[in-house]
Amino acid sequence: MRSKGFNKDNEVQTGLSSNEFQPKEVKLNTVRQGTGASTEYRLRAFLGSNLGHRTLVACMPLSDFYDHSLVANRETLGEDGLIAQRPLDMNHARKMALYMLKGIVEAAIQEEKNKEGNTDHFVKEAWNVIHSELGEQPYAGLQPIVVNIRECEINGDDLNVIEGVDCWTILLSQAHKLWVIDGQHRRKGMEMLFTFLDEIRSRSTYPKRGLFSPSRVTNDNNAVTIDEMALWETCWSIAQQRLTIAVEVHLGLKTEQERQLFHDLNRLVKKIDVSMALDFDTSNPINLFTKDTLVTTLGLHVSDNEIKDWNNDDGSISRKDVTAVNARLFMNKGNINGATGSTLTAGQAVATRFWTEVLAIPGFGERNAHKKTVAAQPVVLKALAKLVYDYSLHRRKPKDADEILEKILSSIKLIDFSHHNPMWRYYEMSEDERTQNNLSGLSDYLPKEETGNRDIGGYQEGENVFRFGSKHNDIYPIISDMIRWKLGLPSRTK
């Protein structure tokens, strides 16, 4: 087969074949490293033209891509002027690794079900437990990664290729690296995934800070069982032998061009609406809880739009706000990122009870709910959710937590969530007014007024409503303290 190279007219130019090669004597120090046949990597790719620039489109094994790629960030190049990437976010990379792990476990289970002779589609219980705790994933896929070969001429004019029927074989030396323009966190996720599986297989234990470990694992017992090892061996085989990634290869771009392409790929994309994203995402177990339990079973009216005009209130609560309340209820976090099947299992019963009691609050979920009850404002639900979390899922909950939790849940529908409850107006009152409204003892539950933002909202005389402010992270702990005082619970400040 005759080897060829790209020419500047976007055509392939024939070079000398191996039979026509005439050897000559040279000094060893004149030979460029990485040019030998033993170190050559053959990249099978289609030729493309992305907005007039020659590109290669390839499908590579994950392991090959990782081995032949680099990232032009500070972690790789230090303070080098050739940097064309933002700093690596390890938390995001870990999320990508977990996403890949979920996809591989799903593939392993499907493979087991489809094995010849497995007519009952039987899967070991240990596999099902891991699958459930990781969280089910209806479908998983990685978007193509965009890279650049810096070590060639523009458009790859100096690269050698072998002609094929449908695609071409690009002959790359060790000097040719795939510099990642868009996809550095996917690449780091691959590394974390391979490391996790390799450590399990070599040590037969779950790494203390690994990607995942079953809920049964403790500090004293982190050994991998025989059935679990069978799953991880299958996942390793899939990861090494069958996983591929689509790669678009740009050719000979300078650093400035890489930076521009990075900007365009990351800044010119329109973000998906939050409520739509949550509606579409069925991989997160808390999202599934919202759909299956809250909407279908309990009948909570969830909409994609936030109620901003209280005169046009249909009684619904936005999906974004439901998710924020559930994040506080299940995880004591501001979002549901990182939720697993174990997260849902631990809090589902209490969360179902919580929402059942919320739906029983007078006026909640009805038309004009915002005018009928302050509980229609999400910040109040977050305050209630935080209270429930503290006495149900918090690691340092008190010994009498179960008793206190029952008191909270059974009292939700009995609390005065009306707009005229003077408790909400505490910070608008003088000391005399607080005494007249029997609020004197509330000061023992609230943080000192000079220690932070105490502008929680205000009462609007014309509409006879109390509107809480928009800074929820500052406000919901204060509302939670007010409810603690009203129910006679232990003070958080003592």
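Guide: The sulfur of Cys 167 lies 11 Å from the closest cysteine sulfur, that of Cys 59, so the two are too far apart for a bond; a disulfide here is a pair of cysteine sulfur atoms within 2.5 Å. Cys 235 is in no disulfide either, with the nearest cysteine sulfur, in Cys 59, 20 Å away. Searching the whole structure gives 0 disulfides. This is a predicted model, in which local features need pLDDT of at least 70 and side-chain atom pairs count only at pLDDT 80 or more, while totals for chains, interfaces and linings use all residues. Residues are numbered from 1 along each chain as its sequence is written, and side-chain values use heavy atoms, leaving out hydrogens and water.

Cys 167 is buried, at 12% relative accessible area, and Cys 235 is buried at 0%. Buried means under 20% relative accessible area, exposed over 50%, and partly exposed in between (1.4 Å probe, protein chains only).

Now to helix α4, residues 125-134, where Ala 126, Trp 127, Ile 130, His 131, Glu 133 and Leu 134 are buried. Helices are DSSP runs of H or I with at least four residues, numbered from the N terminus. The buried residues of α4 pack against α3 (90-113), α6 (226-241) and α11 (341-359), contact meaning heavy atoms within 4.5 Å. After α4 comes Gly 135, which has a positive phi near 105 degrees.

Finally, look at Ile 272, in the loop between α7 (255-267) and α8 (274-280). Ile 272 counts as partly exposed because its relative accessibility is 47%.

Note on methods
Helix = DSSP H or I, 4+ residues; strand = E, 2+ residues; numbered from the N terminus.
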